[in-house]
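I opened this entry to record what I looked up, one topic at a time.

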Amino acid sequence: MGGMTTGSQSTTLVFTDVEASTDLWSRDREAMEQALRLHDATVRRLLDEFGGRELHGVGDAFLSAWDDPIAAVRWGARVQEALLEVEWPAGLLVLPGAGEVVSSRGERLFRGLRVRMGAHVDAHAGDQPSQEAVRRAARIAGAARGGQILLSGALWEVVGDEVSRDMVATDLGYRRLRGIAGDERLIQVLPASVAARRFPALDTVDQRRSNLPPEITLFVGREDDLSALTELFGFGARLVSVLGPSGIGKTRLAMRLASRWVADYAHDGGVWQAQLAEIRTPEGLARAVATALDVPLTMGRTAADAVSQLGYALAARGPTLLLLDGLDHPPAGVMLPKWLQAAPQLRILVTATGRLGLPGEIAYELGGLETEEEGSRSAVDLLVARAPRERPDLRTTGSDSAAAASTAHLVRGVPLALELVGAQPAAQTWADLSRGLERWFQAVGAPPGPEQALDGVLGWIWEHLALWERELMAQMAVCRGGFDVTAAERIVDLTAFPAAPWVPDVLAALCQRCLLEDVTLADAPGTPRYRMHRAVREHVKLRLPRGRRSAAEDRHAATYLTRAERWAAEACGPNALEALAALERERANLMAVHRRGLLRGGPRGIAWALRAVLALDPLLRWRGPPEGQILLLDQALAASDSSSQPLPTELVTRALRARAAVRARLGRHHEVTADLERARDLAVAGKDPTAEAWTVADLGDHLRLTGRLEDGRRATGRAHAMAVELGDVSLQATTLGLLGAISLAQRDLARARDLLEDAADRAVAVGDRLVEGRAVGNLGLVARFDGDWEQTEVLYRRAIDIHRQTGDRATEGVWLGNLGVLLLHRGELDEAEETFHKSLALARAVGYRRAAAVAHTNLALTHMLRGQIEPAREGFAAALVKHEATDTTSGQALCEVMIGVIAHQEGSVSEAADRYQRACKLADKAGDPRWRTLARMWWSVLSEENGDPEVGAALWSDAMEALEASQDAMLVAASEVLSLARRVARGEPVEVIVEEAERIAIDGLDARVASKWLRIRLSSAA
């Protein structure tokens, strides 16, 4: 597996800076000037010595790049040692945080400047490292403490074996870094000379049980509303809907209420918000809630499965508050009663324009803010608070107070209208502004209702905008769910306005006028992001003539498809979590492209729709729900079929392959075959060998998964030959991994190992972490069947890390389960049980019912090895039902064997024989010879014990023949124990057998189960 170490394109980045340097500068500037010169000289001297390159150096911070990752880590360790030897200024050594610290054994641990270091590997750096990799290295360093070296999990995979020989490494687990999506595994490494250093807790982000933004925008008044809503929930309400027209302040009120409860729910299920402004269907509601709760809906067969899965997830969290913001499509609300029934401690707060009409719903009508005429100044306070900063006179309430109050009353206290009016950079006083707005209302005949008042204010503001501001607003109304500056610059066309400022400046000005909302993400402060209130968008989008709106939609589609396709390509690489987060942010925009493409029709529009759903494929694959993904693909493919002009072959075949993959997850195997055969025929007819090769590879994998191993091997072999001819290394990695999995299933371990190592090497070369993770995990299975427990654990843990880093939580859970089985094999029952519970929790979280069934089986095995027979029987019976529900015949076979063993031990001969026989049939159906062999060995012992030695001998002979062909190390160990059990059944002296049993090394789970059973038999025979 040489390619799994360092690739020619990889670059290791090390970011360093001095801890508490600002404080040290403030205490003794002269000492720090001298110290920093010494620090810089030491760092640069060792950079030259170890072969590093200085990319950036500002103040006390350095960013260095390395072609050799091991040299990079050793350089960091040597810098830490060298800094202890520097002749620091005496003035520095008396300062807090820079003095000398000696261990109890007299070892010098700290002296002088304390430098923290973070290191990360950029797998495909090219000429320059990626900004994401630089940012990750800096954030890792930011999490460290002075004198500490932290490595990313990705770098540790590369250097761990080598570095751990001469340094002390500590796995600090997974932590959330500021500004980085997902959790990062951090490894602390220190030279042995300072291994006794101790550090405070890492400076990482606290894991809040909430996804509410850290701060809520300007909030004025509403204390009575907050108190009333608090009382409703306090009196036992579980579903409360805050109702009112657009712009009335429903969201802001609900957010303020929810934010007050974050601390109350901090140790329970938490407070979660799902934004539903762009949601139109029940499936969309399920998806939005799943995203908020971080529950992938990937394994359910129907929409009802998604509802059940979310109900289970909510119930498991305990007391939880769920805020559904903008649920304005009542059909989507039918799921709420099911969630409330499934999760008795769940409370739901809804904002909507009208009642949902659900059982138990309590509606709370929200009006405008009270004006002075109603005995409150809330409306005036909000109006004045939004006054431009350059007009401090508008923030007073002197003689102009009455005019401000009149304006507030005129717009009916609608918060959005108040903010819009107050934020306009008008040169007049409140009195002038009030008179102008009143004249406008009279001219357009705006009635006195809240909605009409807001619409009137928007019309008045439109008349006061510069022409380029109007154009930008109207063009950007094509966006959905927000947009960033980069997108705006590509979508907006202001060439008709030579005097127009730079687009970012126009955006900033419109944001100050409250026509746009600044929703810049807390974890990406350097990337401004804006959102247009739905009421504003609905008003301004009608202002753009059809031709210019169509052109803006074209630019919108081109912008988001280009960006999303790049993110989709990165979703299987080292930046997978960041790519998935980017796709999630722009999901609404891509869905808009999909809808518009279908409405437009024609080759161009249909291509939009296909490209949009394919770009979303990585996100939909991990997040689900699968039925929603199939619907999107169905719509686009149906449009393609009806198109009068053919679409690009590559695009249609990719869509068919994507639909086949979703259908495979749902168990719709006949439809999978139809999609893949159609895709292959299209690729052949279109003379697209690349599309044909990928489709044939998919067909081979489908044949493998449905038990047709030889057919699968032939198809996959053909795809591999095509990949070699095309020079497609990515496809070569994929097909080699599939061929390795087939050889593994056929127990050709030597060939499986060669194929999987080759697959892993090629996957590393192209940066495909998904293929790498699968290959590494399967190599762990090869090592397991070879009886190499140590290597098995290393490979399982590496596979777990890889899939965690790519966001593939379902597969992460699968390898966790395999790790637990390994621990069971080794007799580490407590650790195994803990690992199975983690695997089960992940399986439940992602709705992976097969993995959940396996976890239940493994927990039952744990009970069995503890001697807890009744819980074990109940566990296997329950797991059997779950395996039957998911049509997993291999899992059914194992459960039948184990229930048979329990019945065998209890003396229920007929039941045991029946279970063993059923296990053999199920194993044959599954194409899994392992459980058939194990069942026949136990069945042979049963037959010998019950006076039928001929049948017992035949069964044993059949099992041994299979065992010789497979050379499964674990079954071999079990056979040694069970052969002694056959001798007990024949009446051989117990003393001799006990003596021989004591000499057998118990190696593996099957042998441990058999040994425990044998001890009971020997005890009764004695």
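**Confidence.** pLDDT is the predictor's confidence in each residue, on a scale from 0 to 100. I am working with a predicted model, so I checked this value before anything else. The chain has a mean pLDDT of 84, and 90% of its residues reach 70 or more. I then looked at residues 1–8, where pLDDT stays under 50. The model has 18 contacts for this stretch beyond four places in sequence.

**Strand β10.** I went to β10, residues 239–243, and asked how many of its residues are buried. I found five of five, so the strand is mostly covered. Leu239, Ser241 and Leu243 point one way, while Val240 and Val242 point the other way. I next listed the pairings of β10. With β13 it pairs in the parallel sense over five bridges, and I noted serine 241 opposite valine 350 of that strand. With β14 (residues 361–365) β10 also pairs in the parallel sense, over five bridges. There, tyrosine 364 is the bridge partner of valine 242.

**Threonine 351.** Which strand holds threonine 351? I placed it in β13, residues 346–352. Its relative accessibility is 0%, so I count threonine 351 as buried. I found a polar contact of 2.6 Å between its side chain and the side chain of aspartate 325. Beyond four places in sequence, the contacts of threonine 351 include Val242, a residue of β10.

**A three-stranded sheet.** I traced an open sheet with the order β15-β17-β16 and antiparallel pairing. Its edge strands are β15 (483–484) and β16 (517–518), each of which pairs on one side only. I followed β16 to β17 (residues 529–531) and recorded two bridges between them, in the antiparallel sense. Aspartate 518 has tyrosine 530 in β17 as its bridge partner.

**Cysteines.** How many disulfides does the structure hold? I found zero. Cysteine 479 is in none, and the nearest cysteine sulfur, that of cysteine 511, is 15 Å away. The cut-off I applied is 2.5 Å. I also checked burial: cysteine 479 is buried at 4% relative accessible area, and cysteine 511 is buried at 19%.

Notes: Residues numbered from 1 in each chain as written. Predicted model: local features only at pLDDT ≥ 70, side-chain atom pairs only at ≥ 80, totals over all residues. Heavy atoms only, no water. Pairing = 2+ DSSP bridges. Helix = DSSP H or I, 4+ residues; strand = E, 2+ residues; numbered from the N terminus. Buried < 20%, exposed > 50% of the residue type's maximum accessible area, 1.4 Å probe, protein only. Contact = heavy atoms within 4.5 Å. Polar contact = N/O pair within 3.5 Å; in protein donor to acceptor, adjacent residues only side chain to side chain.
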